[in-house]
Amino acid sequence: MKNKNGRRRRTKPANNEAAAAAAAAGNGDRLTKLPDDLLINILERVDTLDAIRTCILSKRLLKFPTMLSHLFISAASISRHHNPAREFGIRGMLRISHAIADVTDNILSTRSPEITISKLKIRFILTKHDAVSIGNSVARAMATQKVDTAEFEMVTEKAYVECSPDDLVNFARQFNTFLGACPDAFAGLTRLWLRNLRFDELGIPDILSTCKRLESLHLTHCDSGMDSVLQLEHAQLVELDVDSGYFERIELLCLPKLQRLSYNNWFCYGDRSPLYFGFVPQLSKLSIRKTGVKSEKTLVLSELFANVPSIRDLHLNFECEKIWVLPECPKLLTPLLSKLQQVNLENIPEGCDFSWTMFILEAAPFLKELCITVWDHWCIMVTDKEFRKKRGYCEKAEVKWKLSAPGLKHKNLVKLTIYGFQPDDNFVRYIRRVMELAVNMAEISLHDRKVCGRCGNLDPKIKVCPSRYPRTAEERKQTTEELGLASPSVVHFRS
């Protein structure tokens, strides 16, 4: 194919796997000589449209699109061919949406019904008619074929930063129309990812009551308005991910199979905890991320975990700002953290004493691994002083804490990982303290600061202190000696 200058235009393959498959198919050699099951395995690792395009290049491969058990149909794959960039705004989005609806119907209606659909995932744009068309195609497939898992991932016509409050409400109404028009498709879904929707009070509970098989729900910029309360009950839900919504509180009333919960960037200015755990007997992994400001309540773990002594994996991300968790005495926490085995404390601001993190060691006697990231990640930090003051951002401050049981020995902690290690008193003192407690420590992994490619474009006014991470053999030997450990062989420099 030639461009307008008469030169041959290079077409970029969708990805490396699809390119390799296409090259082999074009040569008619190694790929086409592989066994059928191996060929299908290769084709199921790429977008379904890429797999179909590859199969067109060889007569032997023509039968395989109807034999695929893993189907992934996405707007991104469609756009590579239809090139909506040549059009503007809504016209390009509508074209992609219509193409996704047609492709979904063609693929699902022509495949062999004897072959189980092990995994069906469709990523599409929420538009009135095309979304219903996709839902009807999926419902027909569920009625005539065996579908093990099915997932809808929806995006709206506008990105969240471009949405007004009215846009969020209108998108939610649009989704409710879709839900009402295709109840059979939603009843068979196992995973659902929604974005940019503002429901009424019963909107999200209604979704759960319709999606009876749902195992995973992901909500991004979804809520029921400012300071709303979300109450959830579902018999099958295993995973819940809530990212950036204006809920004052999420109440998990009855989720008997819930195992994993992620809650990011909540807005809670009252006295109540942003999360309430009712009946969640299997909850084992909790991830919380938050940019803390002065006006928000500090999270009290003894209140948060009052009904969930089953947490095994805890991940807290402080976004390089205020430490929003309260260090508590072990008498309150130990009964609630008795099953805790892994803790990840991420994006603790640089330059502050982080020995407060030791309260977790005191309260979690069966903890095996502790990972700490100390980092001023300027890409996600607010640097304008006036804006920080207006929004209530905190300046760096020490978190008050003292060891409640000086003679305590921790017998189960075997691994300490630190990202952002610097050979200064703060880190050296911390590692010594941990080693005094952890009598069976087997590995201390020390990494340099994490690297972000975007941080290279920072405002020149922002002064970033260069890393002093020990890199030479001599520097590492000196640092190990400064640590003064009885077993220096447990220290590993990973960067």
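User: What does buried mean for a residue in this predicted model, and why is Asn196 called buried?

Analyst: Buried means under 20% relative accessible area. Asn196, in this predicted model, has a relative accessible area of 6%, which is under 20% and therefore meets that definition. Asn196 belongs to strand 4, residues 191-198.

User: What makes the phi of Asn196 worth noting?

Analyst: Asn196 is not a glycine, and yet its phi is positive, at about 60°. Most residues other than glycine have a negative phi.

User: Where does Ser244 lie, and how do you know whether Ser244 is buried or exposed?

Analyst: Ser244 sits in the loop that runs between strand 7 (239-243) and strand 8 (247-254). Its relative accessible area is 14%, and because the limit for buried is under 20%, Ser244 is classed as buried. Ser244 also has a positive phi, near 65°, in a residue other than glycine.

User: Why is Glu482 called partly exposed?

Analyst: The relative accessible area of Glu482 is 30%; since buried requires under 20% and exposed requires over 50%, a value in between is called partly exposed, and Glu482 is therefore given that name. Glu482 is part of helix 15.

User: Which residues form the negative surface patch, and what makes Asp and Glu count towards a negative charge?

Analyst: The patch is formed by Asp425, Glu474, Glu475, Glu481 and Glu482, and Asp and Glu are the residues that count as negative. Helix 15, residues 473-483, gives the most to this patch, with four residues.

Terms used. Residues numbered from 1 in each chain as written. Predicted model: local features only at pLDDT ≥ 70, side-chain atom pairs only at ≥ 80, totals over all residues. Heavy atoms only, no water. Patch = residues over 30% accessible without salt bridge, like charges linked within 9 Å, V, L, I, M, F, W, Y side chains within 5 Å. Areas by Shrake-Rupley, 256 points an atom, 1.4 Å probe, with all protein chains shown as cover. Salt bridge = Lys/Arg side-chain N within 4 Å of Asp/Glu carboxyl O. Charge placed at Lys NZ, Arg CZ, Asp CG, Glu CD. Helix = DSSP H or I, 4+ residues; strand = E, 2+ residues; numbered from the N terminus. Buried < 20%, exposed > 50% of the residue type's maximum accessible area, 1.4 Å probe, protein only.
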